[in-house]
Amino acid sequence: MDEPLKIPGQVAVRLVDFSVLGSFFPLSVLKYPQCNRIFLDRGAVRAPITSYGGVCMTLQEVKTILDARVLSGEEHLDREVRSACGSDFMSDVLAYVKNQALLLTGLVNPQVIRTAEMLDMQCIVFVRGKVPGQTMLDMAAERGILIMSTEKPMYLSCGLLYSHGLVGE
């Protein structure tokens with residue numbers, strides 16, 4: 001759809017075409033004046049549209065999509081994320097990642113927690129079934145960072161999140 005969709009209440013947005021991702025969603029846009037947010041309606045799932053075309057997603061939704069298990073910070077599952085990145089090189093994450101809320105990595109060392117803390121990330125998902133030690137889980141808990149692990153490889157994990165509307169900025 002090339003023209004912005006007009007919604008009562010002076011809101012105009014462009015619909016995101018998810019068909020290029022191999023997924024076809026019945027798309028409609030809903031405006032909730034009480035919270036001043038616009039939502040992309042994907043049938044049973046309603047997700048807030050971000051300013052750059054992706055959607056907001058709770059960490060609980062991320063957990064479900066990735067079939068992940070929570071290792072630390074379960075009380076943070078209601079937090080929202082708007083973007084994600086995947087890398088095993090923390091130097092790349094520090095150099096190139098801006099305003100990311102979710103980190104997917106296969107690297108299991110304390111530098112991952114320190115990097116996430118510096119970038120105010122909400123969650124780290126360890127891919128390929130990796131599980132950090134108790135020292136790392138304690139570090140994350142002290143910093144309020146949710147830790148999950150999924151058996152899925154990084155490429156598939158990133159693709160699943162992207163296909164559900166969570167994009168990189």
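Threonine 105 is buried, with a relative accessible area of 0%. The model is predicted. Threonine 105 sits in strand β10, and β10 belongs to an open sheet of five strands. The briefing below covers this residue, the sheet, the helices on it, the nonpolar cores and the cysteines.

**Threonine 105**

- A polar atom of the threonine 105 side chain lies 2.8 Å from the backbone oxygen of serine 87.
- Beyond residues up to four places away in sequence, threonine 105 touches Ser87, Asp88, Met90, Val112, Ile124, Val125, Phe126, Val127 and Met154.

**Valine 125**

- Valine 125 is part of strand β11.
- Valine 125 counts as buried because its relative accessibility is 0%, under the 20% cut-off.
- Leaving aside neighbours within four places in sequence, valine 125 contacts Val62, Leu66, Leu102, Leu103, Leu104, Thr105, Met148 and Thr150.
- Valine 125 and lysine 63 are 62 residues apart along the chain, and their C-alpha atoms are separated by 9.0 Å.

**The sheet**

- The strand order is β7-β12-β11-β10-β9, with mixed pairing.
- β7 (69-72) and β9 (84-86) are the edge strands, each pairing on one side only.
- From one strand to the next, the twist averages 25 degrees.
- β7 and β12 run antiparallel and are joined by three bridges.
- In this pairing, arginine 69 stands opposite serine 149 of β12.

**Helices on the sheet**

- Helix α3 (residues 110-118) packs on the sheet and touches β10, β11 and β12.
- The direction of α3 makes about 150 degrees with that of β11.
- Helix α4 (residues 134-143) lies across β7, β11 and β12.
- Relative to β7, helix α4 runs at about 85 degrees.

**Nonpolar cores**

- The largest nonpolar core has 21 residues, and Val62, Leu102 and Leu161 touch the most other members.
- Two or more residues of this core come from each of α1 (59-66), β10 (102-105), β11 (123-126), β12 (146-149) and α5 (154-163).
- Helix α1 gives the largest share, four residues.
- A second, separate core holds 17 residues, among them Cys85, Ile113, Ala116 and Ile145.
- Leucine 102 contacts Val62, Val81, Ser83, Ala84, Cys85, Met121, Cys123, Val125, Leu161 and Leu166, with its neighbours within four places in sequence left aside.

**Cysteines**

- The disulfide count is zero.
- Cysteine 158 is in no disulfide, because its nearest cysteine sulfur, that of cysteine 85, is 8.0 Å away and a disulfide needs the two sulfur atoms within 2.5 Å.
- Cysteine 158 is partly exposed, with a relative accessible area of 29%.
- Cysteine 56, by contrast, counts as buried, at 5% relative accessibility.

Key: Residues numbered from 1 in each chain as written. Predicted model: local features only at pLDDT ≥ 70, side-chain atom pairs only at ≥ 80, totals over all residues. Heavy atoms only, no water. Core = buried A, V, L, I, M, F, W, Y, C linked by side-chain atoms within 4.5 Å. Buried < 20%, exposed > 50% of the residue type's maximum accessible area, 1.4 Å probe, protein only. Contact = heavy atoms within 4.5 Å. Polar contact = N/O pair within 3.5 Å; in protein donor to acceptor, adjacent residues only side chain to side chain. Pairing = 2+ DSSP bridges. Axes fitted to C-alpha atoms, helices over the stretch in contact; angles between N-to-C directions.
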